Amino acid sequence: MANTKRGEWGSKVGFILAASGSAIGLGNIWRFPYITGANGGGVFLIIYLLCVFLIGFPVMLVELSIGRHGKKNPVGAIKKITPNKTWSLVGYLGVITGIGILSYYLVVAGWTIGYFFKSLTYSLNSVKFSSFVANAPTQGIFFIIFLALTAFVVAGGISEGIEKMTKILMPILFLLMVVLIVRSMTLENSMGGLKFFLIPDFSKVSAKTFIYALGQAFFSLSLGMGAMITYGSYLSDEDNLVSSAFYVVFFDTLIAVMAGFIIFPAIGGAPSKSGPGLVFVVLKDIFIKMPLGELVAVLFFALLAIAALTSTVSLLEVPVSYLIDEKGFSRKKAVFLTSIITLFLGIPSLLSLGAFPPLTNVYKGKGFLDIMDFIFGNISLTVGSFLLCLFVIYVWKFKNAEIEVLKGFKNFKKYSYLWKYAISFLAPVAILIVMLYIIITGESLG
Ligand code: PHE
């Protein structure tokens, strides 16, 4: 299809693997378990699943259809539909959000390499999470290593770089997780953790449960900032957008739930504390008490690093493809510039876990990294998804979006009313309620 200069996915499988690679990341394995742990376990899981399938899936289809229609980065794809400059802002929001998320995501990604090396050198035993994350020079080195890896893959171009990598890495990731589930489920007390994760306690539901479930759904599915617009832009007109979206949503959710099956049985009950350190603190303790624990730890942190890399690649791809398509940059130059900006923006997050105490407690006990996560990883994605739904309904018009989906799925007419209902009513109204709640109560971080 036409645009050979930009490249296209070698196959539909290539797209599904790469888009799943974007979706599956620290969001599933690091963020999902600790947010589930902090929001009541089983009941959060149910609400999360509803958010994913009733809101996330339709929004995923919104992004893929805009992307394939525009065959461009988010800003360009929106400009192709309307000359109205105001709507381009949604695209810019995505470009900025990509860099914003990347700046702190790389900090956590750096921990995965740090823990990987510790396990590899049989020194996991001696790691103390709080001292490890407070050590600025080591943190800085791991951050830069991860940024460099990401830049290297993105600079390699779309099909060669991303596709080849995910084709090999995603199946390995899946197999490693199956091994870890078996390991974790055969530990003592695993039932207690399983109960916490699967049996809902409805007394734990509050408005916050919904805010976090919705935000987590967008974050985990890489929605609301144009990552899926960008990936969708490399799909061909023959591809079925509905089944592509479904596969990605399904795999992403499967991996998150699998991560739950690794982490909660290993904890053995409700986590006593559930914050950004959960996976690192709790699992380390369990690994060192386990037979062959160091080996399992090597596998686990390798897996986490792999999952994170396929996500950081997609976060960087958004601003990079914007600079290429709209500003005429070469790919290498675009990668270089965005990496430098990310590096500087990442410094305060990097220093916020003890290295520089004023950044550790910035607002209501939250550190700089948590605040970046809340602003970019939650609010910005939620607002972005909301605006993209409105954009399709009021600007592009539903019938045009429908025509786009019909190109590769002739039977879509039968189901399109469901999509229309979801993106014109369900998703925007749910998001609006959540946003109003945050604005009115100010209850957000936590
Ligand atoms: N979905 C990724 C994860 O779960 C994070 C991400 C968010 C990637 C937004 C791209 C865009 O780790």
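Predicted model: local features only at pLDDT ≥ 70, side-chain atom pairs only at ≥ 80, totals over all residues.

An oxygen atom of the ligand is 3.4 Å from a polar side-chain atom of Asn-28. Taken alone the ligand exposes 320 Å², and 100% of that is buried by the protein.

## The shell around the ligand

The ligand is surrounded by 14 residues, and the closest are Ala-23, Gly-27, Tyr-105, Phe-219 and Ser-222. At least two residues of this shell come from each of helix H1 (12-23), helix H2 (26-38), helix H10 (207-220) and helix H14 (293-327). The shell holds 6 nonpolar and 8 polar residues, with no charged ones.

## The largest cavity

The ligand takes up the space of the largest cavity, whose volume is about 140 Å³. This cavity is lined by 17 residues, of which Ser-22, Tyr-105, Phe-219, Ser-222 and Leu-315 are the closest to its centre. H14 gives the most to the lining, with 3 residues, and the lining as a whole has 9 nonpolar, 8 polar and no charged residues.

## The second largest cavity

The second largest cavity holds about 60 Å³ of space, and its lining includes Leu-180, Arg-183, Ser-184 and Phe-287. Helix H8 (158-185), helix H12 (241-267) and helix H13 (278-289) each supply at least two residues of that lining, which by class has 9 nonpolar, 1 polar and 1 charged residues.

Terms used:
Residues numbered from 1 in each chain as written. Heavy atoms only, no water. Near = heavy atom within 4 Å. Polar contact = N/O pair within 3.5 Å; in protein donor to acceptor, adjacent residues only side chain to side chain. Areas by Shrake-Rupley, 256 points an atom, 1.4 Å probe, with all protein chains shown as cover. 1 Å grid on protein atoms, 1.4 Å probe; cavity = no way out; pocket = protein on both sides within 12 Å on 5 of 7 lines; lining within 4 Å. Sits in = over half its atoms within 2 Å of the grid points. Helix = DSSP H or I, 4+ residues; strand = E, 2+ residues; numbered from the N terminus. Nonpolar A, V, L, I, M, F, W, Y, C, P; charged D, E, K, R; others polar. Points joined across faces, edges and corners; volume = space filled by probe spheres on them.
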